[in-house]
Amino acid sequence: MIALGISLVRVLASSNDDYGGSCIAWLITAALGFVTIVYVLIKWHKRASQKWVKAAAKAKKQVWKKLNVPRSSHLWIEDLAYGQKQPSTCCVCLTSLVLPYNGSNASSCSEWVHCCVVCGAAAHFYCSEFAAKDCKCIAQAGSCHVRHHWSERWFNMDESPEMNAFCSYCDEPCGVPFIDASPTWHCLWCQRLIHVKCHSKLSKESGNVCDLGPLRRSILSPLCVKEVDGGNNLSLITGEIIASNARRQMRSKQRSRGKQGNIRTVNGKLQDPTTANRSLDFLLNGLAGLRRCRSETNIHCLKKNGRIKGTLNGLMHDKGETAICQQVKKYALVDLAQDARPLLVFINSKSGGQLGPYLRRTLNMLLNPVQVFELSGFQGPEIGLELFSKVRYFRVLVCGGDGTVSWVLDAIERHNFESPPPVAILPLGTGNDLSRVLQWGRGFSMFDGLGGLSTLLQDIDHAAVTMLDRWKVNIREDNSEGYMEKEQSKFMMNYLGIGCDAKLAYEFHVTRQENPEKFSSQLENFNQFHIQAVISLVPDIVGRKMLTASEGARDMMDRACSDLPWQVWLEVDGKDIQIPKDCEGLIVLNIGSYMGGVDLWQNDYEHDDDFSFQSMQDKMLEVVSVRGAWHLGKLQVGLSQAMRLAQGKLIRIHASSSFPVQIDGEPFIHQPGCLEIVHDGQVFMLRRASEEPRGHAAAIMTEVLADAECKGIINASQKKLLLQQMALNLS
């Protein structure tokens with residue numbers, strides 16, 4: 001680069017004799033020199049970091065046998081070598097995970113590696129089978145203490161350098177590999193750092209005992225997890241793990257048997273009649289914790305609702321997903337402290353930006369993997385709630401959108417806990433309105449830039465318990481003669497819309513089903529929703545017919561929204577409410593956020609009506625009117641206001657024709673009939689403590705009430721009543 005800069009200087013100097021041309025030439029040379037220096041520093045830092053990791057690994061091997069720490073095998077899955085926050089060094093050969101590109105190594109093997117979903121270590125495909133058994137042991141019931149599980153620091157768990165960059169023993173910096181600096185280990189349980197040279201001193205003073213660190217209240221201690229006989233217990237392993245190990249088996253065959261001619265190729269792909277069976281055998285034998293199947297016969301899986309799904313060679317197929325039924329290790333929770341409050345985590349990998357795999361891996365590293373569950377079509381929240389059924393006090397974190405939160409709340413209600421666990425939200429959906437109201441933010445990026453998930457877990461530990469009204473929507477459809485033909489019920493937490501807003505939600509839903517590749521992130525979901533809103537404002541020209549196939553339903557909805565005041569009538573607490581003639585949509589509100597943060601009731605503004613303030617725990621609903629898609633757009637940018645129509649405890653919406661309806665963002669076409677909304681109790685939620693004094697006071701009072709219940713001073717019903725009053729007074 002320096003030579004290039006000198007050449008540019010000569011060219012510019014020869015073509016420009018004036019002073020300005022020479023200055024430009026020297027500026028370009030200086031810029032290139034600076035870039036070169038930065039590049040050299042980055043390369044030096046990378047080499048120094050690899051040497052540092054190697055030194056830490058060698059030091060660990062020397063003292064590992066003396067540590068007497070329970071260990072487990074790694075649980076490998078396939079992942080991109082350059083994926084999100086992926087380690088850059090193989091934990092076996094200690095070389096770079098991303099292999100340099102060359103002609104003989106042009107396959108995808110250079111892009112994919114094996115990553116352990118428990119501890120986060122990564123290895124090349126050809127190295128993972130030689131990895132040492134040094135993953136953290138998640139079940140240590142019977143032991144006296146949790147011991148530090150020191151490991152190489154493959155990557156920084158916390159993006160905030162000032163929070164976790166010093167040795168826990170000598171308080172010296174650990175972040176930069178200077179020439180004479182000691183290598184660093186970090187504990188897989190408490191996430192503390194320690195210099196290798198300080199470890200022997202710490203062991204003599206504390207006996208290597210780990211207190212689980214700042215997140216100790218949220219972590220399910222391995223001392224309380226016991227491995228029990230699985231018996232005939234069936235578990236479901238997602239298709240991600242099966243596909244990962246199947247691909248590894250294929251590549252292994254390519255390396256070991258490609259020269260023997262035992263595998264034929266079709267269209268450039270390897271084919272082997274026994275590949276699938278052998279891949280499954282490898283999966284069952286290679287994954288940590290799995291036991292070999294006692295027989296090769298087919299197994300039938302029973303879902304919770306009693307429906308039987310047939311299986312083929314142990315594989316279950318449902319809506320494009322694959323699962324395998326097999327005997328696995330089963331865990332039970334024992335000897336929990338009376339004041340223990342572990343966190344139960346549910347992750348919906350299909351929500352929002354599809355961050356499920358990254359969240360699962362990171363939360364497994366920060367917590368105990370036993371307390372982290374991934375939701376799918378094969379596994380709901382029931383399995384996690386059943387494991388925690390004997391835990392008196394625990395909290396729940398839902399990683400997903402508002403629909404996922406409703407799913408988990410339904411499961412909690414069915415379990416009939418004496419003291420139901422409060423629920424926090426890590427927003428992964430599109431609008432995330434409930435998350436906004438509870439101060440958890442508009443999306444995952446809010447926490448990703450403030451120290452990562454460890455900050456979120458600390459906020460959950462100090463959050464205040466509040467109440468959320470839950471409503472039941474009875475959907476009644478009438479036949480042509482006016483008699484009730486069909487009735488069903490759904491639950492509502494956020495809002496219900498009929499008319500133009502539900503029409504937009506319905507079109508967004510149809511487009512997402514037809515083009516799922518356009519909805520791979522929260523930002524793309526949000527953009528596509530606004531595209532649908534813009535399309536609804538223009539005539540039926542090229543764009544509209546390309547995006548939606550249901551033109552008949554669209555024409556019906558267009559006519560219905562403009563005729564809404566004459567086809568729909570509103571009843572609140574037994575009184576008929578007049579609908580404005582320019583109304584194209586009615587929205588029933590339970591919370592103060594709609595369509596990604598819009599406040600339709602507007603408590604902070606002065607109004608000339610007698611309605612009270614909106615609250616999500618007052619057992620009241622609010623009804624507003626909107627004048628079409630253009631009005632919705634103006635509401636979102638703050639250029640207009642919705643018309644407040646009514647406030648009450650019992651809402652009935654009668655319709656004489658078909659209308660689009662959405663409940664918490666889930667749209668459908670409602671046939672002529674009635675929508676009846678009635679109160680269905682309250683659920684416990686966690687509100688992030690704000691910087692205001694009231695926020696801290698609510699969090700402190702929550703802890704006081706929990707301790708009082710733990711000590712038997714008050715019972716669960718008394719605590720619930722006090723929490724309700726506190727939520728009303730501090731909201």
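## Close-up views of the predicted model

View A. Cys144 is exposed, with a relative accessible area of 69%. This is a predicted model, and Cys224 in it is buried, at a relative accessible area of 10%.

**View B. Asp335 in its loop.** Asp335 sits in the loop between strand E17 (330–333) and strand E18 (343–348). Its phi is near 55°, a positive value in a residue that isn't glycine. For context, most residues other than glycine have a negative phi. Asp335 is also exposed, since its relative accessible area is 71% and the cut-off for exposed is over 50%.

**View C. Asp573 between two strands.** Here the loop runs between strand E25 (568–572) and strand E26 (575–577), and Asp573 is part of it. Asp573 has a positive phi of about 50°, even though it is not a glycine. Is Asp573 buried, partly exposed or exposed? Its relative accessibility is 41%, so it counts as partly exposed: that value falls between the 20% and 50% cut-offs.

**View D. The buried side of helix H18.** Helix H18 covers residues 629–636, and its buried residues are Ala629, His631, Leu632 and Leu635. They lie on the same side of H18, because they cover an arc of only 155° around the axis. After H18 comes Gly638, with a positive phi near 80°.

Methods. Residues are numbered from 1 along each chain as its sequence is written. This is a predicted model: local features need pLDDT of at least 70, side-chain atom pairs count only at pLDDT 80 or more; totals for chains, interfaces and linings use all residues. Side-chain values use heavy atoms; hydrogens and water are left out. Helices (H or I, at least four residues) and strands (E, at least two) are DSSP runs, numbered from the N terminus. Buried means under 20% relative accessible area, exposed over 50%, partly exposed in between (1.4 Å probe, protein chains only). The arc is that of the directions from the helix axis to the C-beta atoms.
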